[in-house]
Amino acid sequence: MTSEAKTSSNQQTFDGHHDAALRRVLDALDQEQQPADLSFISQYDNAILANLIESLPDGYRQHIWPQCSAERYWDILHLMQYETVKHLLSQFSQQQLNDLQHFVSDTEIVEFADILPESMVDIYLEQQDELTAAQLQDALSYEDEQVGRYVDTHILRARPNSTVERIKQRLSTRSNKHVAIYLVDANGQFQGACSMTDISNASDHTRLSELGQSIEVFDHQQMLADIALSLNVVPGHAWHPVQRDGKIIGAIALSNIVQWLQERSLDIAISDSPSDEEDLFTPVPTAAKMRAIWLTTNLATAFLASWVIGLFEGALQQLVALAILMPVVASMGGIAGSQTLAVALRGIALNHLQQSNLKLLLNKELKIAAFNGLMLGLVIAGVVSLWFQSLPLGMVIFVAIVLNSLAAAASATMIPFVLKKMKIDPAVAGSVILTTVTDIVGFVAFLGLASLFLIS
């Protein structure tokens with residue numbers, strides 16, 4: 001079995017476990033007998049728990065956290081998206097925050113300082129020795145996206161002409177665990193990197209200059225997102241040196257960069273995606289053919305929308321204002337639908353959207369659509385009433401916008417899920433189908449209502 005097949009198999013196994021856990025929790029919480037017995041939740045591993053919590057709304061999450069021991073809190077939070085952690089922390093009780101304080105470490109302070117209560121960070125810093133507190137303060141002086149925020153100072157600096165025997169002696173006499181060995185000249189300028197494996201395998205008389213490898217050096221003010229786009233991974237080196245004013249000050253773990261990207265959803269791939277999905281550099285003829293299929297489909301749906309408009313030709317001839325306002329109705333539905341579609345696609349990509357919680361997402365999106373549709377619909381109705389000196393016309397467009405917003409939310413939630421089940425890439429096909437739905441529903445609602453109430 002290839003590594004790709006193994007990865008796919010492991011992903012499918014995780015998806016299956018997650019879906020089963022989600023169904024079990026929802027079944028328990030939906031029972032009339034309260035309080036629900038959720039003691040089984042503690043049996044799940046941290047990855048399942050993190051995914052489970054992110055797949056449920058606030059009302060359900062508050063039942064899950066009490067089933068997790070405080071020792072697992074940080075491990076679970078580390079596996080979640082950054083914005084989810086931020087929201088959860090704002091919902092934590094004082095006791096839960098106290099539990100977090102009890103088990104917090106340098107890692108959590110550095111990674112989550114911007115969203116942790118200030119008192120938690122201050123208390124932790126006060127409990128550290130002077131050197132550790134100073135290092136943490138220095139790390140926190142950088143923005144969350146900068147390399148300097150995640151520098152580990154436990155590195156060993158050595159001259160290129162030093163021997164392996166000398167380095168081994170230095171390592172044995174130091175209590176701190178060093179993450180990397182870097183070669184520097186008399187001015188502290190970087191000369192190369194030695195992996196721990198090379199040091200262990202080399203003879204004692206070997207010069208470090210013979211083992212040194214060229215490796216990318218990051219500046220302390222560089223942004224992690226920029227580094228990720230051009231990062232050159234060197235085998236055997238899980239850490240990269242960081243410099244300030246031309247001198248090496250520490251190292252940053254590649255795992256930190258990957259985790260930062262995952263937490264902010266910059267490195268997401270839709271699991272279980274169709275085998276014919278277009279990647280970033282699919283050959284031009286192949287990509288053109290794949291896209292042409294859906295462009296042709298979109299052309300057919302555009303003619304369908306035009307046919308629907310043609311059904312109300314008489315109304316359009318009698319009331320020119322309808323033709324002027326049609327794009328407003330279609331645009332409002334399209335934008336509202338695209339926002340919901342993005343949320344659904346993100347849910348599928350992160351394995352948060354399953355058959356079990358589809359109804360919960362649908363209810364949420366319909367509520368949002370109703371709220372925004374009513375608010376914006378009233379504004380548009382007011383503008384239209386004043387513009388065309390017609391209150392009935394304002395009321396017609398108000399109702400049409402509300403109806404189209406609800407239709408957009410419902411279809412945008414369901415479309416990517418259905419397409420995924422059909423093994424069709426929802427990222428490519430979803431917008432085509434959504435546009436058709438919002439155009440047709442918007443035109444039928446607006447022109448139909450106008451024909452009934454405005455045309456004599």
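Which residues of α18 are buried? They are L358, L361, E365, A369, G373, G377, I380, A381, V384 and S385, where buried means under 20% relative accessible area, exposed over 50% and partly exposed in between, with a 1.4 Å probe and protein chains only. The model is predicted: local features need pLDDT of at least 70, side-chain atom pairs count only at pLDDT 80 or more, and totals for chains, interfaces and linings use all residues. Residues are numbered from 1 along each chain as its sequence is written, and side-chain values use heavy atoms, without hydrogens and water.

Helices are DSSP runs of H or I with at least four residues, and strands are runs of E with at least two, numbered from the N terminus. Helix α18 covers residues 358–388; at 1.5 Å a residue its 31 residues should span 45 Å, and the end C-alpha atoms are 42 Å apart, which agrees. That expected span is 1.5 Å times one less than the number of residues. An α-helix has 3.6 residues a turn, so residues three or four places apart point the same way. The cover over the buried residues of α18 includes α17 (320–349) and α19 (391–421), with contact taken as heavy atoms within 4.5 Å. After α18 comes Q389, with a positive phi near 50 degrees.

The structure also holds 8 aromatic pairs, meaning rings of Phe, Tyr and Trp (its six-membered ring) with centres within 6.5 Å; planes under 30 degrees apart count as stacked, over 60 as edge-to-face and the rest as tilted. One of them, W65 with Y73, is edge-to-face, at 4.9 Å centre to centre and 85 degrees between the planes. W65 is buried at 3% relative accessible area, and Y73 is buried at 4%. W65, Y73 and F92 form one aromatic cluster.
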